[in-house]
Structure formats: C-alpha cells, structure tokens
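Subject: Structure handover

Hello,

Here is the structure for you to look at. My notes on what was found in it follow below.

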Amino acid sequence: MASHSLTLFTSPSSFNLFSSPRLNPSPSYFTLHFPGPVKRPHFDLRCSVSIEKEVPETERPFTFLRDSDGDDTQSSSSSSVRARFETMIRAAQDKVCEAIEAVEGGSKFKEDVWSRPGGGGGISRVLQDGNVWEKAGVNVSVVYGVMPPEAYRAAKAATAEQKPGPIPFFAAGISSVLHPKNPFAPTLHFNYRYFETDAPKDVPGAPRQWWFGGGTDFTPAYIFEEDVKHFHSVQKQACDKFDPSFYPRFKKWCDDYFYIKHRDERRGLGGIFFDDLNDYEQEMLLSFATECASSVIPAYIPIVEKRKDTPFNEQHKAWQQLRRGRYVEFNLVYDRGTTFGLKTGGRIESILVSLPLSARWEYDHKPEEGTEEWKLLDACINPKEWL
C-alpha cells in the first residue's frame, strides 16, 4: 500500500502555512480513490495517507522544490512560477530579517530549517524579547501534500455546499508578524503566497487551478497620522504599478477581513489584502506579489526607527497590551488559518508564533472620549481613507 506525506495549506494571516501541521488520521477521511500507477501527484487505488513529521535540517537547501518543479526548461509554466516564487520569498525573508536585525542593534533571529519526507520544507526565523521587538517572526515554506475537503474550503473560503474530495496541492509563501516593545511603534503583519491544486478530473469541486493571496496590514496602538499615511502610500504605490483599482479594492478587503465581529471593530488601521486572485495573467500576479513583498521594508522600518525610542509610561504600555489582546482575539476566533490549524492538530508552536509575547484584558475597558486611545479605537471602529 503506497503512502504520501500530508501537509495542509492555510490562510493569509497566520503562520499555519509554515507550520507543517498534522491531521489526526482517520481511515475514511484520508482514503484516496485515484486510479492508475503511482505517479506524482497521483496515488495507488485506495492508498492511505501517512502522517509524516517534519525533519530538522542543519543547513538551508538550495531549493525545497522537487527537481521537475525547479526546472525552468519544463513546458509547464506552473513549474517556472513555483521556482521563481520560492526564490522571491526566500530573498524577501533574508532582506526583512536583515533590516530588523539592523534596527535591533544586537539581537539575532533564531532559525529552524525543516523538510518533509513527502516533499518540501521551510525556514522559520524568530527573534524574541529583543531590544526593539518583543517578538518578530519571518517564515517561509514550500510544501506538497494532500488536503481533505475541509482544508480546501478553508484555503478557498469555499461554501459548505462545495464538497471536493481529497486534493493534491502545492503551496509556497512567506509570512511575518512583528510586535515592537515601544507602544508608539506599530505591529506589522504581512503574508504572500502562491497555491496550486492538482485534482484529477473525476474529483468533484476542486479542479486544477492556481491562485495568489496575501497582504500587508498595519496595527499601531497610537495614531501618528504621518506614519499611517506613509504606510498606506507605499502600499498604494506598489498597487498602482499594476492596476489603479488594486489599492482601493484591496484596502477595503483588508478592512473587511481583519474585523473583530464580537467587538465591532477592526484589528488595526488596515493596508491591503487579497485572496484567491487568479483573474489576471499569472506572470503579472507573480510580479505584483514580488512588488508587494518588496514594499514591506520601506513601508514599515522607517516608522519603527522613528518611534522605537519615544518615551512612554505605564498607561501607554497598558493600552498597547489591550490592543495586543484584540490581536489575539482576532487570530484565535476569526482567522481562517489559525482556527483551522487548531481544530486539525497542527504544530501549536508554529500556529501561535504570530501571537504577541504579552497581552492584556481589562473588564469593560473604555477609553475616555477625545483621548489618544479613543482616537485609535474610533479609527478601528470606523475605517478611514488615509490618502
């Protein structure tokens, strides 16, 4: 009986894509019915999916791709896109980590490299309790696997009526959450990913397809209007290079996605966000994702450098911790990737690495109207056009 590794794709705003999560095995849940000999990505008749743990590696490989995927001479354009997307996200990881360490002035990232016996792997980098950042994670992953119907619906935000069978897939992405110590320095989240399904024709609900997703969003505890305008202007410049409709469309999408329903407020002050994007040329979207990833440093690092040494008091820190509590609430209650990973037995450290090192909840806390804290909350309740 043949076997194949299982790795699941997850959503834009969590680290699950890089956590190599594992599902609890269930024979009926993971029995495949793909006819024919064992050829990638097909499997033997009624083959079971084995659960394989990630394997720690001592060195970064040149590529996590399978040989055929990394060959740009292949006739399949998707193979070339896979290779170039991996190159892009690994370069972006290096650049962002270098920029963070330069501002840190001493603290360094801890790096874990892992691979999957069934294909793919990742590089996780975390800097914790540094000079400037309380917690900073920048992860990349390139994974192959098979996802059950529930995973496909989570990945595509599909409706309950869509009932695909188990789906072979490829997913690659970079994801990061950066939580500074100073209450006047903002938190940043960004994630960019590329995804493919490769389902046989007789599998309902999930045809062969590809899509891009991701975004960059800004979560300060205090509003400095020039900072917010700077951040949004860099995102708009990246979008405008490809389509002037992108920024207003993806800015609204971001405001709508990072919405804490039970609080009736947004997690932060937005940015851009998109998902399931495949209605443009593949090459154009690859270039767009590359431009967005490249915009992270100029959009964010100058703001942190400006605010990291601003004097603050206990009241400022307490408010930052309350806003961090909102960050936790969104990720654990609403974020598709985090909630899916928790429900399906994923690697908990990787799933929750996006959470802050510390947070705070106070009973019935309401900032006084007109204060700086109230201004931030008002902007989270009533999203503004910053440009």
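Overall picture

Of the protein's 387 residues, 58% are buried, where buried means under 20% relative accessible area, exposed over 50%, and partly exposed in between (1.4 Å probe, protein chains only). This is a predicted model: local features need pLDDT of at least 70, side-chain atom pairs count only at pLDDT 80 or more, and totals for chains, interfaces and linings use all residues. Residues are numbered from 1 along each chain as its sequence is written, and side-chain values use heavy atoms, with hydrogens and water left out.

The protein has 11 helices and 10 strands; these are DSSP runs numbered from the N terminus, helices being H or I with at least four residues and strands E with at least two. Contacts (heavy atoms within 4.5 Å) were counted between residues at least 6 apart in sequence, and 73% of those join residues at least 24 apart.

Two backbone angles

Most residues other than glycine have a negative phi. Asp 264 has a positive phi, near 55°. Asp 264 sits in the loop between β8 (259–260) and β9 (265–266) and is partly exposed, at 42% relative accessibility.

Asp 364, also not a glycine, has a positive phi of about 55°. The loop between α10 (348–351) and α11 (372–381) holds Asp 364, and Asp 364 is exposed, at 52% relative accessible area.

Regards
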